[in-house]
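Reader: I would like to learn how to read a predicted structure slowly, one feature at a time. Could you begin with how a residue is judged by its surroundings?

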Amino acid sequence: QREVILSQRKFLVLNCGRKVGKTTAISARAAYRMLNENFALTDGILILSKGQRQAKEILMTVKTFLHKTGIAFVRDRVDASAKGCAYSSTTEIVMPNGNRLLALPAGYTGDNLRPYSFIEIDFDEDDFIAEDVHPATEACLAVYDGTKLVASTWNRETGRHGNFYKAVHSTEAKHWTIPTRLCARVPKEW
């Protein structure tokens, strides 16, 4: 997880089993970047997942990491600026330094994200995100030469034709492959 959080590579792939910690690594990476970098003039970091519930859970994990560093959150943008706190909603965090994170459902096409320019897009459970989302959102990285991070377990329905399969076999990406059986938190009997 530390390697993922600190990586400077532009294309990262987490090919991991269930309960290994890939979503936690994505959340910790986002929190770390929001605390230690200056990207306030961009649209920030985008975390995409298949559905809103999953996006909301990731956002809450990012907030937990930030809170542990002393960041306080408010739900009013004006109060956030006045008090030096971070603004938070169900889909967004804006830090006191202006850095921003969006956690959104991918939808079926990703077209609703086309106007944005991000420094990083993290595709959580990528093999379950609709195929049309990648072509629509990858151009959002162009302006800032952003980072693409894909993390997923395999989706048997997608097979060898999906974006995640291509990412796992890309020679341009930095890869991490961790099966569930190597996760100390999951009992071997399970």
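Author: Let us start with Glu-138, which counts as partly exposed because its relative accessibility is 31%. Residues are numbered from 1 along each chain as its sequence is written, and side-chain values use heavy atoms, with hydrogens and water left out.

Reader: In which strand does Lys-148 lie, and is Lys-148 buried or exposed?

Author: Helices (H or I, at least four residues) and strands (E, at least two) are DSSP runs, and they are numbered from the N terminus. Lys-148 belongs to strand S8, which covers residues 147-152, and it is classed as buried because its relative accessibility is 15%.

Reader: Which residues does Lys-148 touch, apart from those up to four places away in sequence?

Author: A contact means that heavy atoms come within 4.5 Å. By that rule, and leaving aside residues up to four places away in sequence, Lys-148 touches Lys-10, Phe-11, Leu-12, Ile-121, Phe-123, His-134, Glu-138 and Leu-141.

Reader: What joins Glu-138 to Lys-148?

Author: The general idea is that a salt bridge is a side-chain nitrogen of Lys or Arg within 4 Å of a carboxyl oxygen of Asp or Glu. Glu-138 and Lys-148 form such a salt bridge, with their closest N and O atoms 2.3 Å apart. This pair links distant parts of the chain, since Glu-138 is in helix H5 and Lys-148 in strand S8, 10 residues apart.

Reader: How many salt bridges are there in the whole structure?

Author: A search of the whole structure finds 9 salt bridges. One of them is between the side chains of Glu-120 and Arg-29, at 2.9 Å from N to O. Because Glu-120 lies in strand S7 and Arg-29 in helix H2 (residues 22-36), this pair ties together parts that are 91 residues apart in sequence. Glu-120 and Arg-29 are both buried. Another salt bridge joins the side chains of Glu-92 and Arg-100, at 2.5 Å from N to O, and here too both Glu-92 and Arg-100 are buried.

Reader: Are the faces of S8 covered or open?

Author: In a regular strand the side chains alternate between the two faces of the sheet. In S8, both faces are covered, with Thr-147, Leu-149 and Ala-151 buried on one side and Lys-148, Val-150 and Ser-152 buried on the other. Counted as a whole, 6 of the 6 residues of S8 are buried.

Reader: Which way does strand S1 run beside S8, parallel or antiparallel?

Author: Two strands are said to pair if DSSP finds at least two bridges between them. S1 (residues 11-16) and S8 run parallel and are joined by 5 bridges, and within S1 and S8 we find Asn-15 opposite Ser-152. S7 and S8 also run parallel, joined by 5 bridges, and Ile-121 stands opposite Lys-148 in S8. On its way from S7 to S8 the chain passes through H5, and this β-α-β crossover is right-handed, a label given if, with the strands pointing away from the viewer, the path from the first strand over the helix to the second runs clockwise.

Reader: Where does Asp-127 lie, and is Asp-127 buried or exposed?

Author: Asp-127 sits in the loop between strand S7 (120-124) and helix H5 (133-138), and it counts as buried because its relative accessibility is 1%. Apart from residues up to four places away in sequence, Asp-127 touches Ser-152, Thr-153, Trp-154, Asn-155, Thr-158 and Phe-164.

Conventions
This is a predicted model: local features need pLDDT of at least 70, side-chain atom pairs count only at pLDDT 80 or more; totals for chains, interfaces and linings use all residues. Buried means under 20% relative accessible area, exposed over 50%, partly exposed in between (1.4 Å probe, protein chains only).
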